[in-house]
Amino acid sequence: MRPGKRTKINELLSTAPVGEKVIVKGWVRTFRNNQFIALNDGSALENIQVVVNYEDLDPSILKRITTGSCVSITGEVVESQGKGQKIEITAKKVDILGDADAEKYPLQPKKHTLEFLRKIAHLRVRTNTFGAIYRVRHAMIFAVHKFFTEKGFYNIHTPIVTGSDAEGAGEMFRVTTLDPANPVKTDSGEVDYSKDFFGKETNLTVSGQLEVETACLALSDVYTFGPTFRAENSNTSRHLAEFWMIEPEMAFYDIHDTMDLAEEFLKYLANYALAHCKSDLEFLDKRATEEEKSKPQVERNELSLLERLQFVVTNSFEKISYTEAIDILRNSKPNKKKKFQYLINEWGADLQSEHERFLVEKHFKRPVILYNYPKNIKAFYMRQNDDDKTVAAMDVLFPGIGEIIGGSQREERYDVLKQRIEELDIPEKDLWWYLELRKFGSAPHSGFGLGFERLIQFITGMENIRDVIPFPRTPESAEF
RNA sequence: UCCCCCUUAGCUCAGUUGGUUAGAGCGGCUGACUGUUAAUCAGUAGGUCCUUGGUUCGAGUCCAAGAGGGGGAGCCA
């Protein structure tokens, strides 16, 4: 080890170099008995215990070792005399890098509520829970790229600012440099967007799908992984105004190939987390189990977090058509006993989350993929089936989260697509390039969108989506 | 956007049918102790009871509006 070089705590704990002189730097979690610092630098969930000799240490330094302060420790790695840890560091030198006024520092060595921690999002990552979530989140980002790279997919950066309002995936955020109090106006008094920065109306993207299809019809297998913005007034534990979405798009895949890929992908990710985030997941598993105890029996999970991840990895997903799902729901107990708020009477009804939850959590008790939905409840670009009633759409439904993936085979036939655009009154002028893809060397292709934060919810067992992204953006809330 | 719930010390929460000076644990501070594991022990400070208005002899408690937060629904990923 190079003299003067800092060693990260995860490395120390895994190599346990007893007898070596080391430098560690990090943040104090607790300082017990005027002797024992629990030090964490984020490289692992675990802390290293630093033992200081309070009789030799300058009292003015001793006083500044407080919860939250940042310190640099020079000392020797020794076997611990205590029971809670194998090794510890006997400090020879303690430097305070950053004070944390104990009277004002909001984090205490105790359990805080998630609601409180959301209000101090700049500090919450210093807790075990959020440290674990951030690390798992990183591991999943890496695993996404690894999965697609191994399968020969190319990552495509689709635009964040978009000029088309055509996809209809949701309300959009406007992008403009016009003065909101006094925008340039046309003679007829309308806002003159031709004078705006881009010379037209622009918005933040709600999906990179349409753009990534261009790359798909040249590179075959591609994916996006980027920020996505929806200005919906959604106030739920599964919605954000700014979130990250993964959208693979595959040439020559039909809807069944796509469902298989979605299943393989999700299993790969769960498996990667189990293999690479062991101690973080064990911590989150315990945390979730504790949390469950405060809930009524009926709302508790039958499986623990780790068991759920294991279950997804080892069990095949149930794949059924919308029509089959309607049959199951129509004959289900809650439907017959009128327990559903929305009763299923006939084919064509949109499924409510109570129905999806019934299928996933009660009927099949495993992830379910529904496919071939009625065309009038799905988007214009989805491929029409021969029955003329349904489109080749699919949703992957997960327990607790609901829809984690939505995808479809795309309509590759120019005439059919054009007719559908007209039927739905979608402004065609914004879609000329999208239609041209069907004019020049069109190909059957399919894709899906995975909400990254919903994935992280599933992997970490966190119930509120605001706790799996560092800085959540939701209606009325954009602090930090 | 709709429905429901919550807001009391830095944090987590008690606070009886409306009644004198609003409490506890943790945290902070002071001291003791010194191989602790969210250390322990003793002492101590700390309050716009979310805001505004109303009812009442009297409001933390009842009513109304507003603010903030949470849960559910819809929209979806």
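Modeller: One term before we start: partly exposed means a relative accessible area between the buried limit, under 20%, and the exposed limit, over 50%. Lys 418 has 23%, so Lys 418 is partly exposed. Keep in mind that this is a predicted model.

Colleague: Which side chain does Lys 418 meet in a salt bridge?

Modeller: Glu 428. The N to O distance is 2.7 Å. Glu 428 sits in the loop between helix 12 (414–423) and helix 13 (432–439), while Lys 418 is in helix 12, so the pair ties together parts 10 residues apart in sequence. Glu 428 is partly exposed too, at 30%.

Colleague: How many salt bridges does the structure hold?

Modeller: It holds 31. Some share partners: Glu 213, Glu 249, Arg 410 and Arg 438 are joined into one network that way.

Colleague: What does Arg 174 pair with?

Modeller: Glu 201, with the closest N and O atoms 3.1 Å apart. This pair links distant parts of the chain, 27 residues apart. Arg 174 is in strand 8 (residues 174–175), and Glu 201 is in the loop between strand 8 and strand 9 (202–204).

Colleague: Is Arg 174 buried or exposed?

Modeller: Exposed, at 52% relative accessibility. Glu 201 is partly exposed, at 37%.

Colleague: New topic. Where do we stand with Asp 101: what is its salt-bridge partner?

Modeller: Lys 104. The closest N and O atoms are 3.9 Å apart, and the cut-off is within 4 Å, so the pair counts. Asp 101 is partly exposed at 40%, and Lys 104 is exposed at 67%.

Technical notes. Residues numbered from 1 in each chain as written. Chains lettered and ligands numbered in written order. Predicted model: local features only at pLDDT ≥ 70, side-chain atom pairs only at ≥ 80, totals over all residues. Heavy atoms only, no water. Buried < 20%, exposed > 50% of the residue type's maximum accessible area, 1.4 Å probe, protein only. Helix = DSSP H or I, 4+ residues; strand = E, 2+ residues; numbered from the N terminus.
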